[in-house]
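Colleague: I have the model open and would like to go through it with you. May I start with the charged pairs and then move on to other topics?

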Amino acid sequence: MSNFAEISDSRLLLSHIFIAVMKYALVTGGSRGIGRAICLKLASDGYPVIVNYKSNAEEASRTVNMIREKGGEAEALQFDVKNAAEVEACLTDWENRHPDDYVSVLVNNAGIRHDNVMFMMSDDEWHSVIDTTLDGFFYVTRFLLRHMMPRRRQGRIINVASLSGLKGLPGQANYSAAKAALIGATKALAQEVAARDVTVNAVAPGFIDTDMTRDLNHDELKELVPMKRFGTADEVAALVSFLAGDSAAYITGEVISINGGLYT
Ligand code: NAP
């Protein structure tokens, strides 16, 4: 009798331990725009969300509050994705505060634009754009892979690339190079980690209505889009949510365009 009680006690304990392990989603650049929409969508899918940002603490806490108001769980985490030491320190600290939890969905979304024609492009315009996208992807993904692969054997990595990385856009040699490299890295990494049940995919948005595209001439650019409009951040978030979900378990190494027919 007492043995049964012990067994069921230990099962209860095990089930509690099992339930206590939480699978988080980390979205880099989650404070605004597409990243915020992804945070909200993944939270509504049931993930506790880590909202990374670089400097805009106010917008990051707005994202966190929007999630909490809807009953979800979120926390803001400030680090510059292109700074290796900061990435390492912040994520190590997060892991120390969450010893039983792990990040099972990583969305590498942080990105910036500094457009210029190549012959006038400064070193800073070149490096800042490439470093944010590419170093950011590398430092954050490398850190989390160490835990996704050997211990958990499960994960989803979704990289936010761009139409610019597929097609090349004039005035964006830096941005096109960064996003094309991100697509190459997506395909390489997908093959490295496939056997561990980690999928790696990219989404390639066209023109999406966010702060990043605020300075562009919308009326002129809409005419280039077969659907005659900019996309919304929510539309990109829905695609990311699909790739993060169980239904996409056999999709890896893909780049999925979301651009209203602009590049087909
Ligand atoms: P956005 O509104 O300008 O937001 C950019 C986000 O990235 C912010 O959360 C910002 O944080 C964060 N960020 C920038 N540099 C960072 C760094 N070094 N470390 C950590 N976070 C950093 O941009 P968006 O339009 O949502 O773009 C999101 C992604 O989609 C980018 O990768 C972009 O290239 C890509 N994309 C956008 C479009 C478009 O039309 N909008 C099209 C194709 C692809 P702070 O708030 O702290 O500044």
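Colleague: Is D115 buried, partly exposed or exposed?

Modeller: D115 is partly exposed, because its relative accessible area is 32%. Buried means under 20% relative accessible area, exposed over 50%, and partly exposed in between, with a 1.4 Å probe and protein chains only. Please note that this is a predicted model, in which local features need pLDDT of at least 70 and side-chain atom pairs count only at pLDDT 80 or more, while totals for chains, interfaces and linings use all residues. Residues are numbered from 1 along each chain as its sequence is written, and side-chain values use heavy atoms, with hydrogens and water left out.

Colleague: Which side chain meets D115 in a salt bridge?

Modeller: That is R113, at 2.9 Å from N to O. A salt bridge here is a side-chain nitrogen of Lys or Arg within 4 Å of a carboxyl oxygen of Asp or Glu. R113 is buried, with a relative accessible area of 18%.

Colleague: How many salt bridges are there by this rule?

Modeller: The count comes to 16 salt bridges. In general, side chains of opposite charge can pair when their charged atoms come close.

Colleague: What about E59 and R62? How far apart are they in helix α3?

Modeller: They are 3 residues apart in helix α3 (residues 57-69), so about one helical turn separates them. Helices are DSSP runs of H or I with at least four residues, strands are E runs of at least two, and both are numbered from the N terminus. The side chains of E59 and R62 form a salt bridge at 3.0 Å, N to O. E59 counts as buried at 16% relative accessibility, whereas R62 is partly exposed at 39%.

Colleague: And K228, what does its side chain meet?

Modeller: K228 meets E223 in a salt bridge of 3.7 Å, N to O. K228 counts as partly exposed at 44% relative accessibility, and E223 counts as exposed at 53%.

Colleague: Which residues are linked in a network of salt bridges?

Modeller: R32, D209, D211 and R214 are linked in this way.

Colleague: Changing topic to the ligand: how many residues surround it, and which are the closest?

Modeller: The ligand is surrounded by 32 residues, and the closest are S31, S55, N109, Y175 and T210. A residue is near a molecule if one of its heavy atoms lies within 4 Å of it.

Colleague: Which polar side-chain atom lies 2.5 Å from an oxygen atom of the ligand?

Modeller: The atom belongs to Y175.

Colleague: How much of the ligand does the protein bury?

Modeller: Taken alone, the ligand exposes 910 Å², and the protein buries 95% of that. These areas come from the Shrake-Rupley method with a 1.4 Å probe; for residues, only the protein chains shown count as cover.

Colleague: Let us turn to N52. Where is it found?

Modeller: N52 is found in strand β2 (residues 49-53). N52 counts as buried, at 2% relative accessibility. Its side chain reaches the backbone oxygen of F79 at 3.0 Å. Beyond residues up to four places away in sequence, N52 touches several others, including T28, G30, L77 and V81; contact means heavy atoms within 4.5 Å.

Colleague: And V51, buried or exposed?

Modeller: V51 is buried, with a relative accessible area of 0%. V51 is also in strand β2. Leaving aside neighbours within four places in sequence, its contacts include C39, A60, V64 and A76.

Colleague: Finally, helix α9: what should its 12 residues span?

Modeller: They should span 16 Å at 1.5 Å a residue, and the end C-alpha atoms are 16 Å apart, which agrees. The expected span is 1.5 Å times one less than the number of residues. The buried residues of α9 include V236, L239, V240 and L243, and their cover includes α2 (33-44) and β4 (102-108).

Colleague: What is S241 in contact with?

Modeller: Leaving aside neighbours within four places in sequence, S241 is in contact with K41, L42 and D45. S241 is found in helix α9 and counts as buried at 12% relative accessibility.

Technical notes: Polar contact = N/O pair within 3.5 Å; in protein donor to acceptor, adjacent residues only side chain to side chain.
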